[in-house]
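Trainee: I would like to go through the terms used for this model and check each one against its criterion.

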Amino acid sequence: MSGKRFYLIRHGISKAQRGISICLGGRSDPPLAEEGRRQAEMVLAAELPDVSVVYSSPLRRCLETAEILAGDRQQVRQVSLLTEMDMGHWEGMDFERIRREYPVEYELRGRHPAAPPPGGETFEAAADRMERALRQMIEENPLEEEFVIVTHGGIISAFLCKLAGEDFDKNRNYRLPHCGIGMVAYEKGGFQQI
C-alpha cells in the first residue's frame, strides 16, 4: 500500500447523550451508555485493520470505545489533540437553556453552523488540531501504514470539511453517526478523504 490510511471513528453514544439534549464538548466527560458499548462491539466486528495501537481522545466516551476496539491484542494511546471541540460557555448546558440565555448567539449558530459558541473553539482551529495530531502520529510511527483513531463528532466533521475544501458552515454534511467511520489517506505530504 502506498501512503497511509486513517480510520477516524466517532465514539459510541454516551450516557449524557440519552434523553435530554445537551451541548457536549471537550470538557464534558460522561461514560459510554450501554448502547454505546454495543455500537463499539459492532465496529469491532467490521474488520478494522490489525494495528498495534488504537489512538484515542483522553475523554472517557472515547477511551471506553477504544478499549473495546483494542481488546487484549492492542494498546490504547491517549492523544490530547484529539479531544472534542471546546463549546465554551455552552459546555454541558441543555439546548433550551442555551436558547433562553444566549438567544442572539443561538440564532446565529442556527444560520451559520460554524459560528463558535461564546468562548468556544472554531471549526478551523479544531480541523488544524486534528491535522497536527495525525501528522504527529506519522512522525512517531513512520513505518505504520494504517492508524485507528477514536475521537469525537465535532473535530472529525471539522477536519473532513477542511479536506473537502468546504466552508465550515457545511460541517453537518460531514458528521458521522456514533461509531461511524471516516476514512482519510495521507499521500505526498497531504491528506484527503477516501
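Trainee: Which residues of strand 2 point one way, and which the other way?

Mentor: This is a predicted model. In strand 2, Val-53 and Tyr-55 point to one side, while Val-54 and Ser-56 point to the other, and all are buried. In a regular strand, side chains alternate between the two faces of the sheet.

Trainee: Why is Ala-66 called buried?

Mentor: The relative accessible area of Ala-66 is 0%. Buried means under 20%, so Ala-66 qualifies as buried. Ala-66 belongs to helix 2.

Trainee: What does Ala-66 touch, not counting residues up to four places away in sequence?

Mentor: Ala-66 touches Val-54, Ser-56, Val-76 and Val-150. Each contact stands for heavy atoms within 4.5 Å. Separately, the C-alpha atoms of Ala-66 and Thr-151 are 9.0 Å apart, across 85 residues of sequence.

Trainee: What makes the crossing of helix 1 and helix 2 right-handed?

Mentor: The term applies if the near helix is turned clockwise from the far one by less than a right angle. The axes of helix 1 (residues 34-44) and helix 2 (residues 60-70) cross at roughly 35 degrees and come within 9 Å, and helix 1 passes helix 2 in the right-handed sense. On the helix 1 side the contact is made by Arg-37, Ala-40, Glu-41, Val-43 and Leu-44, and on the helix 2 side by Glu-64, Thr-65, Ile-68 and Leu-69. By class, these are 5 nonpolar, 1 polar and 3 charged residues.

Trainee: Which residues touch the most other members of the largest nonpolar core?

Mentor: They are Phe-6, Leu-8, Leu-134, Met-137 and Ile-149, in a core of 31 residues. Elements giving two or more residues to this core include strand 1 (4-10), strand 4 (146-151) and helix 5 (123-140). Helix 5 supplies the largest share, 8 residues. Beyond its neighbours within four places in sequence, Phe-6 is in contact with residues including Leu-134, Met-137, Ile-149 and Phe-191.

Trainee: How many residues are in the other core, apart from this one?

Mentor: That core has 16 residues, among them Ile-68, Leu-69, Val-148 and Met-183.

How values were computed. Residues are numbered from 1 along each chain as its sequence is written. This is a predicted model: local features need pLDDT of at least 70, side-chain atom pairs count only at pLDDT 80 or more; totals for chains, interfaces and linings use all residues. Side-chain values use heavy atoms; hydrogens and water are left out. Axes are lines fitted to C-alpha atoms, for helices over the stretch in contact, and angles run from 0 to 180 degrees between N-to-C directions. Helices (H or I, at least four residues) and strands (E, at least two) are DSSP runs, numbered from the N terminus. Ala, Val, Leu, Ile, Met, Phe, Trp, Tyr, Cys and Pro count as nonpolar, Asp, Glu, Lys and Arg as charged, and the others, Gly among them, as polar. A nonpolar core is a set of buried Ala, Val, Leu, Ile, Met, Phe, Trp, Tyr and Cys residues joined through side-chain atoms within 4.5 Å. Buried means under 20% relative accessible area, exposed over 50%, partly exposed in between (1.4 Å probe, protein chains only).
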